[in-house]
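Please keep the model open beside them as you read.

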Amino acid sequence: MHFIFQNEKRKILNNFNELELNLFYLSSLPLQPIHKSIMANKIEGKTNKLTISLVKKSIKDLKAVIGEDYQDDVEEVKIPECELACFIFKEPNVTSPSWYKYLESAIDGLPDTQTSPSAVLVIKTKKNMFAVSFGYGRYLIEDSAIVPDFGLKVSLNAIPSDKIKTVDKRTLEQMALHSRQQAVVPVDFSTFELEVDRDLVKSIEGQIDEKLGSYLKGSINLSISTKLPLSKLSELCSKLHSIYLKKDYQQEFGWIDNVKPIQDPSKSAALNLALVDQINKKSFPGIFLGAPELIDDIDVGGYKFRGPRNGSTYILFPSINSYASLRLSNKNRNPITIEQLKSDKIICFDRDSKPNKKHQWSVYKCIHAEIKFKGDTYKLLEGNWYEVDSNFISRIDKQIKAIPVCKEKLLDLKSGESENDYNNRLASHLKGTCLDAQLVTLKGRSRFEFCDVLKKDKKLFHVKKHYGASSMSHLFYQAYVSGQTYCHFPQCRPEIAKLKGVKKAKFESVVHPKTFKTSDYEIVICVASSKAKPIGDVLSFFSKISLVHKHRTLSSLGYKVSVAIIPIV
């Protein structure tokens with residue numbers, strides 16, 4: 001990337017108050033000085049999209065809002081009604097997309113490719129600082145300088161609940177799922193059917209009062225379509241901040257505060273120290289890496305670490321264990337620091353092995369972690385720490401305690417024993433049959449495992465060793481998919497009856513009865529653990545959320561659902 005004001009750079013910056021940013025921010029043409037009268041003609045009545053971020057109070061220097069790699073290119077400018085302002089403009093190197101050469105091989109005279117410039121304007125009003133980004137400007141901003149719930153809170157307060165168009169969410173389970181729902185026309189928020197104890201709203205967008213603008217999208221930052229000119233930018237930002245401070249959202253969206261971003265830098269610093277301590281000890285039960293945004297995997301050729309000796313290419317998203325192994329592979333290496341987590345990168349590569357400029361993040365931003373600290377529960381998501389509300393924790397713990405415990409006496413799992421060996425022993429002990437790793441094939445659907453052990457009295461045991469959040473997610477999902485498919489797709493029942501273990505035990509009538517009722521079956525979720533404690537004391541908080549959801553869903557289908565702890569001895 002290179003800076004491109006060339007000979008006109010200083011002239012433009014010195015007369016910045018006479019310019020309307022959006023005319024050249026969003027243009028692919030080289031920058032030129034533009035006469036004010038021409039600007040007025042072109043800007044009048046134009047709707048502009050602004051992406052606005054609120055800067056944390058702890059940030060005092062405007063330049064600190066911009067990423068360290070770009071701060072040398074920041075220039076001070078004058079903006080009407082703003083106490084201070086600075087500006088950065090970047091244009092990427094001109095490169096052709098991968099498909100350009102594919103077409104060029106047969107089509108003559110293709111037009112030259114163009115680039116999308118990036119710009120950020122940082123302003124200081126009487127009370128706050130804001131960063132306004134254009135193009136890919138958001139990638140120039142230092143993530144840690146931004147208030148993480150500004151855009152979402154403004155949107156929840158400003159968009160009428162019956163004018164919602166799109167909702168982005170992620171589950172609060174340890175192995176989270178990202179999803180986006182979009183309505184054809186603006187609808188009531190209830191249409192999106194969120195589960196308030198399970199889903200974390202990442203962004204919403206919809207129509208707003210024309211006085212402010214026409215459309216809002218709020219997440220960490222706020223995107224707004226408005227006709228207000230640059231001279232009104234300070235006034236607009238101040239109005240948005242006043243909306244952010246309102247508590248109106250709590251009337252309909254109070255559950256948003258179940259998981260709240262931490263604003264105190266000292267608390268975040270303490271949590272960071274606890275995080276790196278766990279990573280240096282290679283203790284990862286509640287820590288894993290994941291892309292911090294939705295990406296289109298069809299365009300992804302792989303990932304690499306940049307920083308710790310530039311690691312190998314990973315076809316799938318790399319793990320926290322692979323990162324720690326690279327950083328700590330040499331005995332003489334110092335422990336991992338929070339600074340390294342924030343400077344080391346995960347680079348996404350396209351199918352043609354080129355780095356994807358849009359998809360490269362710090363390792364820190366990719367960390368998903370659950371930390372217990374001084375009796376409270378915290379979650380690190382996308383580079384921001386969140387505190388879990390104590391009432392929310394109590395509510396989930398109460399639901400966990402309400403899940404029945406299986407009355408069957410199960411065997412202990414021997415240390416070092418494989419799950420398959422244990423399942424065979426358990427099947428013999430219960431006079432049942434082992435179906436571990438025997439997959440059911442159903443036309444038009446993915447293969448699934450019916451259960452690990454089946455008992456003649458129609459108990460279905462799903463068994464998994466507890467070695468972290470991923471193992472529990474696998475266990476709960478296996479039980480969930482099996483129960484859903486068995487209930488809703490009767491054509492799977494004769495296929496289950498063909499399984500080797502079912503035929504050997506002559507359990508065909510157990511899995512494929514003449515009259516099928518879910519209430520005849522009990523799904524038993526078995527967690528093997530070295531901790532001889534109730535399941536609520538074994539699982540992490542966000543794994544508990546997953547178990548509560550799966551229990552609720554399977555119970556609503558009519559199944560009896562219970563849990564069991566299998567001691568590892």
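**Notes on a helix and its surroundings**

1. Let's start with helix α12: its buried residues pack against β11 (259-261), β17 (376-381), β18 (384-388), α18 (535-538) and α19 (541-556). Packing here rests on contact, meaning heavy atoms within 4.5 Å. Helices (H or I, at least four residues) and strands (E, at least two) are DSSP runs, numbered from the N terminus.

2. A word on the source: this is a predicted model, in which local features need pLDDT of at least 70 and side-chain atom pairs count only at pLDDT 80 or more, while totals for chains, interfaces and linings use all residues. Residues are numbered from 1 along each chain as its sequence is written, and side-chain values use heavy atoms, leaving out hydrogens and water.

3. Which residues of α12 are buried? They are F392, I393, I396 and I400, where buried means under 20% relative accessible area and exposed over 50%, with partly exposed in between (1.4 Å probe, protein chains only). These four cover an arc of only 100 degrees around the axis, which puts them on the same side of α12; the arc is that of the directions from the helix axis to the C-beta atoms. In general, an α-helix has 3.6 residues a turn, so residues three or four places apart point the same way. On the face turned away from the buried side of α12 you will find the exposed residues N391, K398 and K401.

4. Now look at the start of this helix. D389 caps the N-terminal end of α12, with a side-chain oxygen 3.1 Å from the backbone nitrogen of N391.

5. Two of the strands that α12 packs against, β17 and β18, deserve a look together with β11. An open sheet of five strands runs in the order β11-β18-β17-β16-β12, with antiparallel pairing; two strands pair if DSSP finds at least two bridges between them. β11 and β12 (287-289) stand at the edges with a single partner strand each, so one side of each has no neighbour in the sheet. Between β11 and β18 there are three bridges, in the antiparallel sense, and P261 has Y386 of β18 as its bridge partner.

6. Finally, visit helix α9 (residues 320-327): six of its eight residues are buried, so α9 is largely enclosed by the rest of the structure. Its buried residues pack against β12, among other elements including α8 (265-280) and β13 (300-306).

Definitions and conventions: A polar contact is a pair of N or O atoms within 3.5 Å; within protein, one must be able to donate a hydrogen and the other to accept it, and residues adjacent in sequence count only if both atoms are side-chain atoms.
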